[in-house]
Amino acid sequence: MSSSKQDYDFWVRLAAFSATAVALFLVVLKLYAWLVTDASAMLASATDSLLDLFASVMNVVILRFALAPADQEHKFGHGKAESLAGLVQAAFVLGSALLLIINGVERIITPKAIVHTEVGIWVSVIAIVLTLAL
């Protein structure tokens with residue numbers, strides 16, 4: 001394996017693992033903020049981060065196959081595994097959208113006051129900083 005291929009593989013894996021770690025942290029942080037503030041926006045943000053986490057984990061798993069060199073059964077490599085990951089991620093996006101629609105309708109029917117807004121603001125600022133750093 002050439003040095004540039006090894007470098008590429010290293011950086012792709014590092015990016016995938018870093019994205020997974022940040023996404024996991026943000027999911028926990030935003031779920032906490034949602035529980036404290038009871039804000040639908042925090043639930044939506046936590047759901048988005050959960051989607052990012054799921055996509056990142058899928059990328060780590062799929063990269064093991066996609067970066068594998070061509071072999072006897074796969075003469076052109078394993079790059080098609082990425083398409084399967086996209087299909088699974090699309091299904092997860094649909095499920096997330098349904099969750100948010102259900103929560104939104106419930107909030108329209110029975111509105112609730114948002115409390116501890118400072119927690120939501122700080123969590124949002126932390127999320128922005130971590131996302132930019134990533």
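Q: How far is the backbone oxygen of D38 from a polar atom of the R107 side chain?
A: This is a predicted model: local features need pLDDT of at least 70, side-chain atom pairs count only at pLDDT 80 or more, and totals for chains, interfaces and linings use all residues. Residues are numbered from 1 along each chain as its sequence is written, and side-chain values use heavy atoms, without hydrogens and water. From the D38 backbone oxygen to that polar atom of R107, the distance is 2.7 Å.

Q: Is R107 buried or exposed?
A: R107 lies in helix α3; helices are DSSP runs (H or I, at least four residues), numbered from the N terminus. Buried means under 20% relative accessible area, exposed over 50%, and partly exposed in between (1.4 Å probe, protein chains only). R107 has 13% relative accessibility, so it counts as buried.

Q: Which residues does R107 contact, leaving aside its neighbours within four places in sequence?
A: Contact means heavy atoms within 4.5 Å. With those neighbours set aside, R107 touches D38, S40 and K112.

Q: What angle separates the ring planes of F10 and W11?
A: The whole structure holds two aromatic pairs. F10 and W11 form an edge-to-face pair, 5.0 Å centre to centre. Rings of Phe, Tyr and Trp (its six-membered ring) pair with centres within 6.5 Å; planes under 30 degrees apart are stacked, over 60 edge-to-face, the rest tilted. For F10 and W11 the angle is 75 degrees.

Q: Which class of exposure does W11 fall in?
A: F10 has 47% relative accessibility and counts as partly exposed. W11 has a relative accessible area of 55%, so it is exposed.

Q: Is the pair of F54 and F92 stacked or edge-to-face?
A: The ring centres of F54 and F92 lie 4.4 Å apart. Their planes are at 20 degrees, so the pair is stacked.

Q: How many residues apart are F54 and F92?
A: F54 sits in helix α2 (residues 40-66) and F92 in helix α3 (residues 81-109). F54 is partly exposed at 27% relative accessibility, and F92 is partly exposed at 25%. The pair links distant parts of the chain, and its separation in residues is 38.

Q: Are α1 and α4 roughly parallel or roughly antiparallel?
A: The axes of α1 (residues 3-37) and α4 (residues 117-133) come within 9 Å and cross at roughly 170 degrees. Axes are lines fitted to C-alpha atoms, for helices over the stretch in contact, with angles from 0 to 180 degrees between N-to-C directions. Under 35 degrees is roughly parallel, over 145 roughly antiparallel, 65 to 115 roughly perpendicular, and the rest oblique. Therefore α1 and α4 are roughly antiparallel.

Notes:
Helices (H or I, at least four residues) and strands (E, at least two) are DSSP runs, numbered from the N terminus. A polar contact is a pair of N or O atoms within 3.5 Å; within protein, one must be able to donate a hydrogen and the other to accept it, and residues adjacent in sequence count only if both atoms are side-chain atoms.
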